[in-house]
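Visitor: Please walk me through the ring contacts and a helix packing in this model.

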Amino acid sequence: MNFNDYYIARKNVFERIQNTNTATKILMSLLMACFTGIMAQIIIPLPWTPVPVTAQTFAVLTAGLLLGKKYGVLSQLLYIILGVAFIPWFGGMTGGLEALLGSTGGYLIGFLIASYFIGYISEKYADARNFRKMSVVIGIANFALIYIPGLAGLAIWSYVTQGALLGIPELLIMGFVPFIIGDIVKVLSASAVSKVFLPKE
């Protein structure tokens with residue numbers, strides 16, 4: 001296959017996904033929710049924080065790329081709803097309402113915002129699907145749209161359950177700094193998915 005054939009095939013697959021019926025798109029959203037749950041089990045606990053390192057952010061970042069804003073956010077909504085309801089697929093095989101209200105609940109809310117944002121940019125601006133531009137978009141989604149609600153949720157959880165009002169340095173050490181290197185890898189990997197699989201026109 002030459003490059004021209006590859007570009008045509010990539011565009012055809014993308015358009016087929018975009019133009020498929022609603023039931024199929026919902027099924028794809030469910031599959032992406034399952035993928036997020038699987039990636040959440042790749043976990044590295046950290047002794048000084050209740051927030052573990054997981055691989056699930058990669059699934060969140062690619063959800064909007066592959067499914068668009070509407071069904072990308074639906075995939076993460078399904079992930080949260082099913083995890084709260086009866087599937088223990090949050091980090092470390094946990095689930096239930098306590099996971100949503102716990103130390104990582106804010107990050108779950110951030111997943112919805114980030115997947116929508118990435119899907120919106122990817123759908124509206126085809127020229128943003130190259131590696132460099134999408135790295136910026138996904139970087140904003142990861143480091144701002146996930147971490148801002150994530151850190152806010154962690155601070156609230158700490159105050160309610162521990163009676164401790166975390167200072168900004170302590171909050172960053174617990175909920176942000178240990179994850180930077182891994183998140184850079186996930187951001188660049190998701191940007192590579194955009195470059196390889198998404199048409200640029």
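**Rings and helices**

Guide: This is a predicted model. The structure holds eight aromatic pairs. One of them joins Phe143 and Tyr147.

Visitor: How do the rings of Phe143 and Tyr147 pair: stacked or edge-to-face?

Guide: Their centres lie 6.1 Å apart, with 10° between the planes. Planes under 30 degrees apart count as stacked. So the pair of Phe143 and Tyr147 is stacked.

Visitor: Which helix holds Phe143 and Tyr147?

Guide: The two residues are four apart, about one turn of the helix. Both belong to residues 131-162, helix H6.

Visitor: Is Tyr147 buried or exposed?

Guide: Phe143, at 28% relative accessibility, counts as partly exposed. Tyr147 has 6% relative accessibility. The cut-off for buried is under 20%, so Tyr147 counts as buried.

Visitor: What is the geometry of the pair Tyr147 and Phe176?

Guide: The ring centres are 4.9 Å apart and the planes stand at 90°. Over 60 degrees counts as edge-to-face. The pair of Tyr147 and Phe176 is therefore edge-to-face.

Visitor: How many residues apart in sequence are the parts that Tyr147 and Phe176 tie together?

Guide: Tyr147 lies in helix H6. Phe176 sits in the loop between helix H7 (168-175) and helix H8 (180-197). The parts tied together are apart in sequence by 29 residues.

Visitor: Which residues form one aromatic cluster with Tyr147?

Guide: Phe143 and Phe176 each pair with Tyr147. The cluster is made up of Tyr147 with Tyr107, Phe143 and Phe176.

Visitor: How are H2 and H3 oriented: roughly parallel or roughly perpendicular?

Guide: The axes of helix H2 (residues 22-39) and helix H3 (residues 56-85) come within 7 Å and cross at roughly 80°. The range 65 to 115 counts as roughly perpendicular. So H2 is, to H3, roughly perpendicular.

Definitions and conventions
Residues are numbered from 1 along each chain as its sequence is written. This is a predicted model: local features need pLDDT of at least 70, side-chain atom pairs count only at pLDDT 80 or more; totals for chains, interfaces and linings use all residues. Side-chain values use heavy atoms; hydrogens and water are left out. Rings of Phe, Tyr and Trp (its six-membered ring) pair if their centres lie within 6.5 Å; planes under 30 degrees apart count as stacked, over 60 as edge-to-face and the rest as tilted. Buried means under 20% relative accessible area, exposed over 50%, partly exposed in between (1.4 Å probe, protein chains only). Axes are lines fitted to C-alpha atoms, for helices over the stretch in contact, and angles run from 0 to 180 degrees between N-to-C directions. Angles under 35 degrees count as roughly parallel, over 145 as roughly antiparallel, 65 to 115 as roughly perpendicular and the rest as oblique.
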